[in-house]
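Reader: Hello! Please take me closely through one part of this model, with the cut-offs behind each term.

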Amino acid sequence: MRPGPPASVVIARAADVIAERLAAGGRLVHLGAGTAGRIGVLDASECVPTFNTDPGQVVGPIAGGPRAVTLPVENAEDDGNAAVEQLRAIELTAGDVVCGIAASGQTPYAVAGVTYAREIGAAPIGLPCSPDSALGDAADIAIEIVVGPELITGSTRLRAGTAQKLVVDARPRSR
């Protein structure tokens with residue numbers, strides 16, 4: 001595991017980048033599959049009534065499309081091309097922020113989306129729950145929240161989902 005600053009410092013740095021981009025007219029794009037994608041969709045849907053953001057200022061493309069919000073779409077997480085296509089469809093720009101969310105940090109959908117964001121100049125953030133992950137490597141800011149093994153063997157979404165929701169709910173510091 002690579003040493004780094006405490007998570008609180010990294011979260012604050014990410015929040016500041018997001019706040020700067022939003023203030024300049026950019027968008028925050030949460031990108032994930034399964035539980036991680038649903039966390040992004042949830043945050044995007046909460047921002048309008050809670051923070052009075054403009055609709056479309058915070059968006060949450062999810063692997064498998066809108067159907068995946070309520071039903072599993074098997075193997076959608078493995079389609080990195082779909083992430084790039086969804087980001088192109090929303091006309092991602094260099095002024096935007098893409099936050100890829102993936103418990104394992106290896107999900108091709110999230111990794112490809114964050115990689116594409118970097119390629120076009122958007123701010124790439126990764127939110128894995130594993131150290132030294134492909135998602136963390138693809139991002140300029142990697143918020144690695146290591147939650148340890150799950151109570152249920154084989155699951156990567158229980159503790160990770162809770163931790164990722166807490167991070168996504170972090171907002172920029174008052175100035």
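Author: Happy to. Angles under 35 degrees are called roughly parallel, over 145 roughly antiparallel, 65 to 115 roughly perpendicular, and the rest oblique. The model is predicted, so local features need pLDDT of at least 70 and side-chain atom pairs 80 or more, while totals for chains, interfaces and linings use all residues. Residues are numbered from 1 along each chain as its sequence is written, and side-chain values use heavy atoms, without hydrogens and water.

Let's start with the helix pair. Helices (H or I, at least four residues) and strands (E, at least two) are DSSP runs numbered from the N terminus. The axes of α3 (residues 80-89) and α4 (residues 108-120) come within 7 Å and cross at roughly 45°, the axes being lines fitted to C-alpha atoms over the stretch in contact, with angles from 0 to 180 degrees between N-to-C directions. The two helices are therefore oblique to each other. Contact means heavy atoms within 4.5 Å; in α3, Gly 80, Ala 82, Ala 83, Val 84, Gln 86, Leu 87 and Arg 88 meet Pro 108, Tyr 109, Ala 112, Gly 113 and Tyr 116 of α4. The residues of this contact divide into eight nonpolar, three polar and one charged, where Ala, Val, Leu, Ile, Met, Phe, Trp, Tyr, Cys and Pro count as nonpolar, Asp, Glu, Lys and Arg as charged, and the others, Gly among them, as polar.

Now the sheet. Five strands form an open sheet in the order β2-β1-β3-β4-β5, with parallel pairing; strands pair if DSSP finds at least two bridges between them. Helix α2 (residues 34-51) lies across β1, β2 and β3 (97-102), at about 155° to β1.
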